[in-house]
Structure formats: structure tokens, C-alpha cells
Amino acid sequence: MSVLVQQLINGFFIGSVYGLFAIGYTLVFGVLDILNLAHAAVFTLGGLTALWLVATGGLSIWVAFPLAVLFSGALGLLLDRIAFAPLRRRAASNLSGLISSIAMAIIFESAALGIFGARTVRFPQGLLVNRVWHFESVTVTSLQVEIVLSALVLMLALTACLRYTRTGKAIRAVAESERTARLLGINVDGVIAVTFFVSSALGGAAGILYGLYFDALAPDMGRSIELKGLAVIILGGMGSIPGAILGGIAFGLSEVLTVALTGTSNLRDAVAFSVLLVILILRPTGLLGRGRVREA
Amino acid sequence: MAFLSQFFAVYGSLVNFIGINALLALSLYVTLSAGQLSLGNAAFAGIGAYTAGILTMRFHMPYAISVAAGAGLAAVIALLIGLPVLRIRGIFLAMATLAFGEVVRIAAVNLDITGGAQGLVGIPNKTTTCTIYGVLAATAYFLAVLRGSKVGWSLAAIREDETAAMALGINTARYKTLAFVLGAFIAGIAGAIYAHLNFIITPGEFGFSAAVQLLIYNIVGGMQSVYGPMLGAFILTALPEVLRGVSLSAGPLRLGINGVILLLVILYLPNGLISFLKGPNRVSRI
Amino acid sequence: MFLEFEKISRSYGGVRALWEVSFGVEAATIHGIIGPNGSGKTTLINVVSGLAGPDSGRLLLEGREVHRLPAHRIAALGVARTFQNIRLFSNMTCLENVIAGQHLTAQRALVPRLLRLPSARLEERRCRADALACLSSVGIESRAEALAGSLSYGERRRLEIARAMALRPRLLLLDEPIAGMRQQEIDEMEALFRSLAEAGVTILLIEHNMPFMMRLCSRITVLHFGQTVTTGAPQQVCAHPEVIEAYLGVEGR
């Protein structure tokens, strides 16, 4: 029983990282209707940059974290500028955006490979004072708590921004209709740039937390989370932020439960992706998403 | 002749891989020509490869039957996925096929009959360069003729505007499914042929990055005609060898060049490299 | 009646676009639909063409219930349409647009083509000639090889009509077909629609240009807030007090 509780707790922590990652995905999709497959590469670069700042730059993680997050956000701006803005001007199809994001993903990943090398790297020992709390036979580490708190704070901050700030309202207006927003005098290109900045900053933050949690960073670590992030936003409904958070946690839980029930990690992803496939076949708009099918 | 045999000794496997990749590129081309993005064609190739390999090894089936069965199974599975998913629009097919690809990969890793993560080892080498290029030529001819047929025009209309296509009497769900299943069938053939070329197949070869690679062939080559995807496959399969030739072998750089090519083509050459060869005039369909 | 609406209702997200619309369209006539913006005219055409099924009510085409059929089945019954916001295949040439519109009227079978049979070549030649005839009937045969995306606004409207004619329709639904056209083009379209009706095609026409409608339509239905105000001959309709209030009143503001 306590093993199960322990697994559920672990699943919750890793699920919150998935959720954080997926928010960035879903934000860009919700606003632009584009699947940004370079998001995972930003995730990787965010994590590796934080590590570099700590290991080579000698900074404290508390300084390195925000710096790396800002850097990730800047990558998002770059992404928008190079890969998406030219296509917007040409009014190209969503498929073109998907493909240019794949191109950027490849470029980012090769940059990560070239700069940081192909091997798996770790944060220095003793980076964070890691307390361990025991409740009965269940253990929770302070790192886990810090991760889940950071994820929650970032998610809440984003939700509040979207709901109450001027920029947030502009983002939602663009999501509703780019043309109407333009007619209302909203600086659509500026709003899209902000969206990419925020989305990528969150993706980078997720990469750092992921690296801290598993204590391993590699240039290809974005690959697996890329697919998981997609699964999460489909579970939660494309474009829905609460859906991304719940979907992330559900996905994290399903992973650890599969491992706990089958006793091997081989099938860890199988259940999640099978569920995803079934959902797509039966209820393609996701569990929480509103059906946004374009009509004549 | 001496030159030819020497060329084949050095580059024979490259020539074979170009042919297989061109066939795989064509498999995705069919689906894309209806405006549908499938990220599952690598997985369909995997289904074809494993099915054919297992039939040959365990059940000693003749080569042709193994290949046909592999392609057939890929097509049947595509039909089961495509029927529900293709009724709706948008990128859901991309995502469903992506999830499907993962399920296939994980299944191949975990099943006994597929040889697990080590892969299926010891598949007899029955594929010749002639087989590969014969199948490629037949497929290319078939698809080129298909373009000018009723099916081809329907797929083109769906790609351009699904609503308008419906109003013209086109049963869009049916034609989209057809394109998807045909693509899976061709991918299945390519996979089955590949399995009998390579002695060993592993689950990782048919994953997400392989699926993306097929998309890159199509985009870089261009989708205005069947030659585009084949050109894309040729250039991007041969490029690493060429780069090695000019002693540019650093892994990240080679990867990066792929990305840069893809980006430049999608931004500045929406019809792909084939538009250089054909000039600005579009090929008219017979 | 060739086409009959029986208490057709349709709403979008709680907004009633059509409410119990009933009227009939006689065969081989030009029937106009007028009404202020947002009165449900386009929804009506979407219902007939099967792109938006009605929530309730019946639609009868030559006495046969068709409101549950999907769009492609309705097209197969000889119903073709154009779109208010023009939906051409903009990466195809004009000729190719019309060829794509021949889905129901041309064979283009695969096997004879694979075998390169002469019959395939003959059929293709005949279909191309048909397609060119459609283009010349709207007066843009000289633009056959131009990309649809490069056409002027009026030419696009005409190409869309040509594509619809490739279906050899018995019922043609035209959603603001002359919007944005020059007077000369409008006159050409007027002649075209008349000759189509004489040839037996029934036309259901949405248009804001009142003089055009008064000249062309044998009957007109007025919609207002999704409801039929009246149906009748143009002169009757214009004299109808509710029409003056609802429609012309808005126009004359």
C-alpha cells in the first residue's frame, strides 16, 4: 500500500513537470493553431543552459534558474522570428508552421549537441540542500516539493496574467480571432512574440526542473518529453491550460502506476500512448477541450 | 564494367538505401497529397518489416508472400485507425499516428516474437537492388498515373479546400482514408523489402525521427510531382556521404545542415528543390 | 415544387440562424433570397448543400427528403453551389479547378490510364473540352492556364460558377455571385443565369443588388432574423409592408 502511495506521489511530481512543459505547447497551439515541435528542443536547451551556468559559470541555482528561463524565452522569440513570422506574412498553412518548427528543433538539437556534447551530464553534487521527509514509509524530498511549487507558481502566474493583465487579454483576443484582434488595434505580432517568449520560458523552466529531478541532462532528452507533451495536451484538450496541468499529472500518474503494476519499466509509456490513441479515435477534441472545429 | 562493379562495392548499400528511402518518401507523399499529415508511416514500415521478417524466418514463407503480407497488414491497421480519425479535420491525424507510432515501437520492444530491443536478427538477405528499384519504378508510375485519375483530382481538391471538395460531390472521408491506407501499404512494402536487405531490424529504426525524416524528404524535394519526394530522399540520403567526402563528418554539424536545408526550403522554396529542375512551369497532369 | 423547405430550423451555439423557414422553389426558375446581413441567407444555402444539417424541419428535393444527406450525396443529386467568401483551389489553374469540379461527371478511371488505353486518352480530351466550355461560358477561357490565386475578384467569382457548372447541376446555389463585379460583368452573368434557367437549371440566388434581383428573379423570398417574411413575385415582395420595414428600411437608413 505504502509503495503505491509513494508511487502516486512520485507520479504527481513528475506529472507537474510534464504539465509545465505542456502548458507552453498548448499556449502556442491555442493562440496560433500551430504545433510547435521545437518546444522540446527549447526544453533541452533550457536545462543544459542552467547546468552550464551552475557548473561552468559557478552561479547559484537560484540565479541560474531565472537566467536560463530568460534565455529560453529569448529562444522562443528567435523561433518566432525565424520560423513562424515569415510564414505568417505569406499566410501559409498550419502544416508549414509544423514543418518549420521541426527544422528549428533539428537546428536547436544540433546546437545542443555541438555545444554540450552527446553525453549525459549532471548537476554538481550538493547543489540544493536536499532534505528528506519520511511519513510512515513514504518519503518526500525537499527537491520534489520545490519542483512542484515552482511548477505551480509558474502555472498560476500564467493563468493570472492571461486573465487579468492587458497583455494576457490581448493574447486571448488573438487566440479567439487574429483578424478581429488586428481590427481592434491589437499589435498582433507583438502579442505572438510575447506568447512565444512565455511559452518557451515555461518550456525551459520545465527542462531545468526535469534535469534537477532526474539528475541527468542530455541533448536528446527532449525527444521523449516531446511525445509525452503532445499526449498531455491531447488528453487535456488542445489549447486548454487547466487541461494541460491536469493532463500532465494524469500522465505522470499513469506512468508510475504502469511501472508499479507491471513491475517493469518497459511498458511505462505503452499505457499512456494507448490511452492517447483511444482518446484520439473516440473523442478527438480531448477530455476537457471544447471542440474548435472550423466551419465554412 | 570494372568501374561499375567497384562503384557498387563501395556505394552499393548507399544505392539500396536511397531506393528504400525514396519508396518511403512516396508512401508519405500519397497521404500528403490529400493534405493529411501522417507521422505513422515509419511505424507502418516497421509493421511491414517485422511481419515479413517473421513470416520468412519462422514460417519459411516465400519472399513475395512475406512482403505482400507485411504490406497488407500495414494497410489493414491503417484502415482501422484512419476510419474514425479521418472523419475530422486538422492535425488530429498527425497526432493519432504519432501516438500509434509510439505504441508500435513499444510493442516491438516488448514482444518476444519481434526479438525485443535487440531487434529481429538473422533475416535472410533476399532483396536485390533490382527488386528495390523495380518496386520503386512501379510505385512511381502508379502514383504518377493516379494523379491524373479521379482519385488524384479528388485528393488534390481535398488538400486545397475540404469544404469546397465536399460541395463538388467528393466523399472526403473516403478519399482521405484511401490516401492514408495506400500510403501505409507502400510504407509496408518498403519496410518488408528493407527487412530482407539488412539481416537485422530494430524497433528504434521505425520511430518518430524516422517519420519526421520522411516528411523532410517530401518538403525538401517538393510535392508537385512524384519526382520531388524521390529527389528529396536521394539528396538527403546521399548528403552524409558527400559531406564525409569533403571531410565534414562532425555529427552535430551534419544534423544541423539537415535542419537548415529544411528551414530554407519551407521558407523560401515552398514547392521544394524539384521546382529548380522543372522551372517555374508546373507539370500538367496528363 | 422542385425544392421545398418545410419548417427548417438551424441554430449555431444558441443563436437561431433559421427559424421554421418554409417556402418552395419552382423548377427551372431563378428564385431570389434577400434579407439584411445576418438574416440567415448563407445558412439556408449551407442547409440545402448539406454542409449544415437542419436541427429540425424537412427539405424536399423533387419530393425526396434530403436534409439528412451529407454534402457529397447532395451534390450527387445535382446540387452545386458557390460560396460567399469564394472557395477556389488557389494553387490550381482555372482549368484544373474546373477539372476538379468534374468529380461526378467524368470517369477518369485508373486502370485504363495505367494501361495507357486509347479510351482513357479520348475521355481525357473530351473532359478537357467540357472544362474549357465551362470556362468560356463564364467568359474566362483566356485565363485557363492562370493560377486561380492570381485572378481578379470578379474573375474568381466567375471561375467558381464555372466550377459549379462542371457538375452539370440541376439546382445551382449562388451566394452573392456578382458581389464586387463591374457592371459589364454583371450583365454577362445576368445573361448566363437566364440561359441556364432556360436550359432547365433551377437557381437559388442570394444577392444584395436589388435592381439585379428585380430583373432576374421570378420569385423572391425575404428573410429577417432567420424567419421568412414573405415569398412572392418581385413587385409583390417590394410592396410588402414588413419588407419595407425590415429590409428596405435598413437599406435606406
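Modeller: Helices and strands here are DSSP runs numbered from the N terminus, helices being H or I of at least four residues and strands E of at least two. This is a predicted model, in which local features need pLDDT of at least 70 and side-chain atom pairs count only at pLDDT 80 or more, while totals for chains, interfaces and linings use all residues. Residues are numbered from 1 along each chain as its sequence is written, with chains lettered from A and ligands numbered from 1 in the order in which they are written.

Colleague: Thanks! Let's take chain C. What is the strand order in the sheet of 6 strands?

Modeller: That open sheet of chain C runs β6-β7-β8-β3-β9-β10, with mixed pairing. Two strands pair if DSSP finds at least two bridges between them. β6 (79-81) and β10 (227-232) of chain C are at the edges with a single partner strand each, so each has one side without a neighbour in the sheet. On average, and ignoring direction, neighbouring strands of this sheet are turned by 15 degrees against each other.

Colleague: And β8(C), how many of its residues are buried?

Modeller: In strand β8 (residues 202-206) of chain C, 5 of the 5 residues are buried, so the rest of the structure largely encloses this strand. Buried means 20 or more other C-beta atoms within 10 Å of the residue's own, exposed means 12 or fewer, and partly exposed is in between, with C-beta atoms placed from the backbone. Both faces of β8(C) are covered, with C:T202, C:L204 and C:I206 on one side and C:I203 and C:L205 on the other.

Colleague: Which way do its neighbours run, parallel or antiparallel?

Modeller: Strand β3 (residues 30-34) of chain C is parallel to β8(C), joined by 4 bridges, and β7(C) is also parallel to β8(C), with 5 bridges. C:L204 is the bridge partner of C:H31, and C:L173 also stands opposite C:L204. Further along, strand β9 (residues 219-224) of chain C pairs with β10(C) in the antiparallel sense over 5 bridges; there, C:V222 has C:T230 as its bridge partner.

Colleague: Which strands does α1(C) lie across?

Modeller: α1(C) lies across β3, β6, β7, β8 and β9 of chain C, at about 150 degrees to β7(C). Angles run from 0 to 180 degrees between N-to-C directions, using lines fitted to C-alpha atoms, for helices over the stretch in contact. Contact means that the C-beta atoms of two residues, placed from the backbone, lie within 7 Å. α7(C) lies across β3, β7 and β8 of chain C, at about 145 degrees to β8(C).

Colleague: Nice. And what about the sheet of 4 strands?

Modeller: It is an open, antiparallel sheet of chain C in the order β2-β1-β4-β5. β2 (15-25) and β5 (64-65) of chain C are its edges, each with a single partner strand, so one side of each lacks a neighbour in the sheet. Helix α1 (residues 41-49) of chain C packs on this sheet too, touching β1, β2 and β4 of chain C, with its direction at about 65 degrees to that of β2(C).

Colleague: Switching to chain A: how many helices and strands does it have?

Modeller: Chain A has 11 helices and 2 strands. Its C-alpha trace spans about 60 × 45 × 35 Å along the principal axes, and 50% of its 296 residues count as buried.

Colleague: How confident is the prediction there?

Modeller: Chain A averages a pLDDT of 82, and 93% of the residues score at least 70. pLDDT is the predictor's confidence in each residue, from 0 to 100. Within chain A, α11(A) has the lowest mean, 75, while helix α2 (residues 39-55) has the highest, 92. Over residues 289-296 of chain A the pLDDT is below 50. Where pLDDT is low, the predicted coordinates should not be read in detail.

Colleague: Last one: how many residues of chain A are in contact with chain B?

Modeller: 35 residues of chain A are in contact with 35 residues of chain B. On the chain A side, α4(A) gives the largest share, 15 residues.
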